[in-house]
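This briefing is meant to be read alongside the sequence and the coordinates. Please keep both in view while going through the points.

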Amino acid sequence: MDFFIQWVSNIIVYILIATIIMMLIPNTGLAKYVRFVASLLLIVMMLQPIFQLFKVNIKEVLAGYQSTTYEASGEIKNEINNKKNEIQATERAYILKQMAVQMKKEVEENITQDFKQVITNVELEVKEGVTTIKTAQDLSKVTVYVSAKKDETSNVEPVQEVSVNTTEPIQTDSEKIKQQELQNFLADRWQLEDKQIEVKMEGGE
């Protein structure tokens, strides 16, 4: 209410002042421009409440819009990052699986024929900091599980008495030697260091 009274008062005062000024100005070309400017000022003063109203609302609307926009942008960005991480993890797992299959195919024939062993599984671990897996050089560790090859054509021998000595290690010296030979062979074929490969034999460690 105070704002409305002040607004009306300002308009009345302005009209009085403008009328006095127009009466004092001679009727020349300059009077036409003075009347034009005075009319514009009067229109501006009459529309002042509307300008004031829009000024307040615009600030509030913009503030709310910006807040909502930033919040929505943050949620969208987080969702995009999560989807990106999921896609990268899936792609990484697929690449490792295909690489393990390829590495197994590359050596399984020699291992079956030369070492009388069968590869049951190959597990790969990637070097820390490597994001894109391209070759075996990006691997930190390769764990190969092997088991003895079964000879289906061999005759079944009669069961003999078996004595178990619990003081002896589970893995025999010959198995350790074969395990080391397998490790060296795989390291040579895959162009890796011996320490990067771990061979786990059935009945061994």
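Predicted model: local features only at pLDDT ≥ 70, side-chain atom pairs only at ≥ 80, totals over all residues.

Residues are numbered from 1 along each chain as its sequence is written, and side-chain values use heavy atoms, with hydrogens and water left out.

**Salt bridges**

- A salt bridge is taken here as a side-chain nitrogen of Lys or Arg within 4 Å of a carboxyl oxygen of Asp or Glu, and by this rule the count comes to three.
- Lys141 and Glu198 are joined through their side chains in a salt bridge with an N to O distance of 2.8 Å. Lys141 lies in strand β2 (residues 139-148) and Glu198 in strand β3 (residues 197-201), so this pair ties together parts that are 57 residues apart in sequence; strands are DSSP runs of E with at least two residues, and helices are runs of H or I with at least four, numbered from the N terminus.
- Lys141 is partly exposed at a relative accessible area of 28%, and Glu198 is partly exposed at 27%, where buried means under 20% relative accessible area, exposed means over 50% and partly exposed lies in between (1.4 Å probe, protein chains only).
- The side chain of Glu198 also meets that of Lys200 in a salt bridge, at 4.0 Å from N to O, and Lys200 is partly exposed at 28% relative accessibility. Through shared partners, salt bridges join Lys141, Glu198 and Lys200 into one network.
- Glu193 pairs with Lys195 in a salt bridge whose closest N and O atoms are 3.6 Å apart; Glu193 is partly exposed at 44% relative accessibility, whereas Lys195 is exposed at 71%.

**Nonpolar surface patch**

- Phe36, Val37, Leu40, Leu41, Ile43, Met46 and Leu47 form a nonpolar patch on the surface, and together they have about 630 Å² of accessible area, as given by the Shrake-Rupley method with a 1.4 Å probe, for which only the protein chains shown count as cover for residues.
- Patches are made of residues with over 30% relative accessible area and no salt bridge, with nonpolar side chains (Val, Leu, Ile, Met, Phe, Trp, Tyr) joined within 5 Å and like charges within 9 Å.
- Val37, one of the patch residues, is placed in helix α2 (residues 29-46) and is partly exposed, with a relative accessible area of 44%.

- Helix α4 has 18 residues and reaches 26 Å from its first C-alpha to its last, close to the 26 Å expected at 1.5 Å a residue, the expected span being 1.5 Å times one less than the number of residues.
- The buried residues of α4 are Gln179, Leu182, Gln183, Phe185, Leu186, Ala187 and Trp190.
- Just after α4, Gln191 takes a positive phi of about 55°; Gln191 lies in the loop between α4 (173-190) and β3 and is exposed, with a relative accessible area of 62%.
- Lys116, a residue other than glycine, likewise has a positive phi, near 55°, and is placed in the loop between α3 (48-114) and β1 (117-126), where Lys116 counts as partly exposed at 48% relative accessibility.
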